[in-house]
Amino acid sequence: MGQIGPSLMCANMGELRDAIVRLDQSNVDFFHFDIMDGNFAPNFTMGPDMIRSLRSHSDKPFDAHLMVEEPERYIDIFADAGADMISVHAESTIHLQRTLTNIKNKGLQAGVALNPSSSLNHLDYVWDMMDYVVLMTVNPGFAGQKFIPLTLDKISRLKDMVHEQGLDIQIQVDGNISYETIPKVLERGADMLVCGTSCLFKKDESLEESTEKLHTFLNEFNSNRVTNS
Ligand code: DX5
Ligand code: ZN
């Protein structure tokens with residue numbers, strides 16, 4: 001367990017195609033695109049044209065994380081650009097259920113993202129419309145931030161809720177996913193790891209070295225879990 005999804009906002013933007021090709025060959029599981037509008041999140045990062053121009057370089061799922069106000073206005077654009085999965089923040093749209101319906105009607109996987117301070121109650125009436133939940137473990141906006149410890153309990157509680165209802169919903173964690181935090185989030189039930197500067201995009205390591213280390217770490221973690229259970 002623990003799918004690896006490189007956070008491409010952390011790649012060298014001048015060499016994005018090279019990064020996608022090398023990460024694809026290094027067997028990552030999906031690609032995470034952080035989309036910000038300078039409004040919902042205090043930064044500007046990637047956009048639909050980047051997804052469109054990179055699409056032909058990998059068959060792995062492209063996951064668009066919309067950190068924008070009124071995301072319902074942009075579902076078609078991101079779907080048409082080549083996203084396979086789109087998550088929207090519960091805090092960013094008045095009509096969350098409608099927005100998720102629109103994503104699913106496009107044939108894509110739909111996700112709800114929650115800021116660290118947002119309650120799991122946002123999910124109460126959209127359980128049937130979600131394929132994944134993105135639990136932010138830092139506040140949206142920037143790479144290299146500190147992990148917010150209270151989000152660990154949120155992962156456990158969400159995992160219990162998903163189990164109790166017998167749903168097939170993946171838990172994605174985003175923000176400071178590192179060798180220190182990976183065991184903690186996996187033990188609590190995270191399925192998908194958004195991997196940024198904390199574990200994958202390192203100045204002193206090649207992308208191949210970083211992904212190899214990450215695969216080895218996850219394999220060891222998983223085999224220890226099997227042995228101890
Ligand atoms: C926040 C971003 C970051 C990003 C960077 O909006 O989504 O969490 O993935 O990862 P880290 O925190 O490892 O630099
Ligand atoms: Zn993200």
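Reader: Which backbone atom lies 2.8 Å from an oxygen atom of ligand 1, and in which residue?

Author: This is a predicted model, in which local features need pLDDT of at least 70, side-chain atom pairs count only at pLDDT 80 or more, and totals for chains, interfaces and linings use all residues. Residues are numbered from 1 along each chain as its sequence is written, and side-chain values use heavy atoms, with hydrogens and water left out. The atom lying 2.8 Å from an oxygen atom of ligand 1 is a backbone N or O atom of Asn 176.

Reader: What share of the area that ligand 1 exposes when taken alone does the protein buries?

Author: Taken alone, ligand 1 exposes 370 Å² (Shrake-Rupley method, 1.4 Å probe).

Reader: Which residue places a polar side-chain atom 2.7 Å from an oxygen atom of ligand 1?

Author: A polar backbone atom of Gly 144 is 2.8 Å from an oxygen atom of ligand 1. The polar side-chain atom at 2.7 Å from a ligand 1 oxygen belongs to Ser 198.

Reader: How many charged residues are in the shell around ligand 1?

Author: The ligand is surrounded by 18 residues (a heavy atom within 4 Å). By class, the shell has 8 nonpolar and 8 polar residues, while the charged residues (Asp, Glu, Lys and Arg) number 2.

Methods:
Chains lettered and ligands numbered in written order. Polar contact = N/O pair within 3.5 Å; in protein donor to acceptor, adjacent residues only side chain to side chain.
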